[in-house]
Amino acid sequence: MKHFILGVICFCWCVSLQAQQITGIAFSGLEKTRSDYLLGFLESSVGEQIDSARLHGDCQRLINLEMLSQVTFTVEQDGEVVFHCKELYTLLPILNFGGINDNFWIQVGATEVNLLGRGYKIYGYYQHYDRSSFAGNLSFDWINGSPWGVNLGLVKWSTLEPLYFSDGAVSYHYDNRTYGAEGVYHLNYLDKVTVGGSFFTENYKAVSDLVTGAPALAEKAKLLAKTRFEQNHVNYHDFYLNGWQNTLSLQGVHSFHSDPFFYIILNDFRFFKRISYGGSLATRFKAGLSKNEESPFAPFVLDSYVNIRGVGNRVDRGTGAMVLNLEYRHAVFERSKVAVQAVVFSDLGTWRNPGGTLHDFTDYDNFQMFMGAGIRFIHKRIFNAIFRLDYGCDVKDVKKNGIVLGLGQYF
């Protein structure tokens, strides 16, 4: 009887809401975020009848902006809708590090995902990964409430790269300097198209014994044109995710030297599902192809930090790749501000050899499968404040294993 009475009360409340009109919209709890910026993401508007389902959808859309941890609403007697917001800390340090197979790397910097209270993003970091690198990026989305945006970036990337030739591997000092810009157009709240380009220079200098066919020095200047179609249909509930994302990217590279035109096609699909209290599934499937040249400079790498946990650093390269990452995440401890997640995972991948055929994807020697477990330490009031530690082991050879650390989920 009690549940029946509560149900009747809720029904009557919803009916009364539907009969009212919205006389105004206000926000409470905002310190940094601009209310006029948030208004652009609401489907509800002044003068319309109050629709509780639409208002709940507005709350979820605001949470998905990644600057608010919680959003609820109340309807005042005069018909004004008030959204009650809890802001996340969005000016954060960048601290990433990892170590595997006698290699250590660290990344230090800062990022802001709510610049000027309008969701603009900026980051910069220094990285030491065998050698010193730095990068910076500035993104303006929804400029002045319009669907347009722009991204600006620069990168100086320096590493020690192993390149693989028929007679063996040669280590190179690799330097890449990139200056890029992109235009962004939002088709709606969830989908956007990005078109842009960059100018970059690449320098390779051998630092180990040469083998047949390996150059001692290579210098190249190139232009890159790229476009992306991004769909983000993921709902955020603290660190729990529900929904799917897909990014299709196309890149073409023109060289100012004798190198032929080069292209890359890559699709990244991710699916997240809450399946129980504290439990969730996460899946990522990446598939890509590039121009199939028999070259040691193939773009797709086999690497612990990119696709297969435990395999090592830049173990191999290919002109095609298919990678499936599966995770089950379960919260073993959760309070209002912090949580701990246990994770079990499986990383599977296969590559097309440079100059090879599509049959390479089914070649047993090109197939990699690592399984393992990890842990996540999460601060729920700071955007993406997740420290992760994963241990992966080769299913085909248990002697191959490693630990991978970092900030944020692996995907």
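Which residues does Phe 239 touch, not counting residues up to four places away in sequence? They are Ala 331, Glu 334, Ala 339, Gln 341, Ile 378 and Lys 380, where contact means heavy atoms within 4.5 Å. This is a predicted model, in which local features need pLDDT of at least 70 and side-chain atom pairs count only at pLDDT 80 or more, while totals for chains, interfaces and linings use all residues. Residues are numbered from 1 along each chain as its sequence is written, and side-chain values use heavy atoms, with hydrogens and water left out.

Phe 239 sits in the loop between S11 and strand S12 (240-255). Helices (H or I, at least four residues) and strands (E, at least two) are DSSP runs, numbered from the N terminus. With a relative accessible area of 9%, Phe 239 is buried; buried means under 20% relative accessible area, exposed over 50%, and partly exposed in between, using a 1.4 Å probe and protein chains only. Ile 264 is 25 residues from Phe 239 along the chain, and the C-alpha atoms of the two are separated by 33 Å.

Phe 239 also takes part in lining the largest cavity, together with Tyr 240, Leu 241, Phe 272, Lys 273, Ser 280, Leu 281, Arg 329 and Gln 341. Rolling a probe the size of a water molecule over the atoms shows where empty space is left. On a 1 Å grid over the protein atoms alone, a cavity is a set of points where a 1.4 Å probe fits but cannot get out, and a pocket is an open set with protein on both sides within 12 Å along at least five of seven lines; lining residues have an atom within 4 Å of a point. Grid points are joined across faces, edges and corners, and a volume is the space filled by probe spheres set on the points. The count comes to one cavity of 30 Å³ or more, and the largest cavity holds about 40 Å³ of space. S12, strand S13 (262-276) and strand S14 (279-290) each give at least two residues to its lining. By class, that lining has five nonpolar, two polar and two charged residues. Here Ala, Val, Leu, Ile, Met, Phe, Trp, Tyr, Cys and Pro count as nonpolar, Asp, Glu, Lys and Arg as charged, and the others, Gly among them, as polar.

The second largest pocket contains about 270 Å³ of space. Among the residues that line it are Tyr 164, Phe 165, Ser 166, Glu 294, Asp 316, Arg 317 and Pro 354. S8 and strand S16 (316-318) each supply at least two residues of this lining, which divides into four nonpolar, four polar and three charged residues.

The strands come next. Strands of a sheet pair through backbone hydrogen bonds, either parallel or antiparallel. Two strands count as paired if DSSP finds at least two bridges between them. Strand S9 (residues 168-186) and strand S10 (residues 191-206) run antiparallel and are joined by 15 bridges. The two form a hairpin with four residues between them, and Tyr 185 has Val 193 in S10 as its bridge partner. S10 is also joined by 15 bridges to strand S11 (residues 217-237), again antiparallel; there Gly 196 has Lys 226 in S11 as its bridge partner.

An open sheet of three strands has the order S1-S3-S2, with mixed pairing. Strand S1 (24-28) and strand S2 (68-75) stand at the edges, each with a single partner strand, so one side of each has no neighbour in the sheet. From one strand to the next the twist averages 20°. Seven bridges pair S2 with strand S3 (residues 80-87) in the antiparallel sense, and Thr 72 has His 84 in S3 as its bridge partner. Helix H3 (residues 52-63) packs on the sheet and touches S1, S2 and S3, its direction making about 160° with that of S2. Axes are lines fitted to C-alpha atoms, for helices over the stretch in contact, and angles run from 0 to 180 degrees between N-to-C directions.

Asp 130, in the loop between strand S6 (120-129) and strand S7 (131-140), has a positive phi of about 75° although it is not a glycine. Asp 130 is partly exposed, at 28% relative accessible area. Asn 144, in the loop between S7 and strand S8 (148-165), has a positive phi of about 50° and is exposed at 74% relative accessibility. Ser 346, in strand S18 (residues 338-352), counts as buried at 10% relative accessibility.
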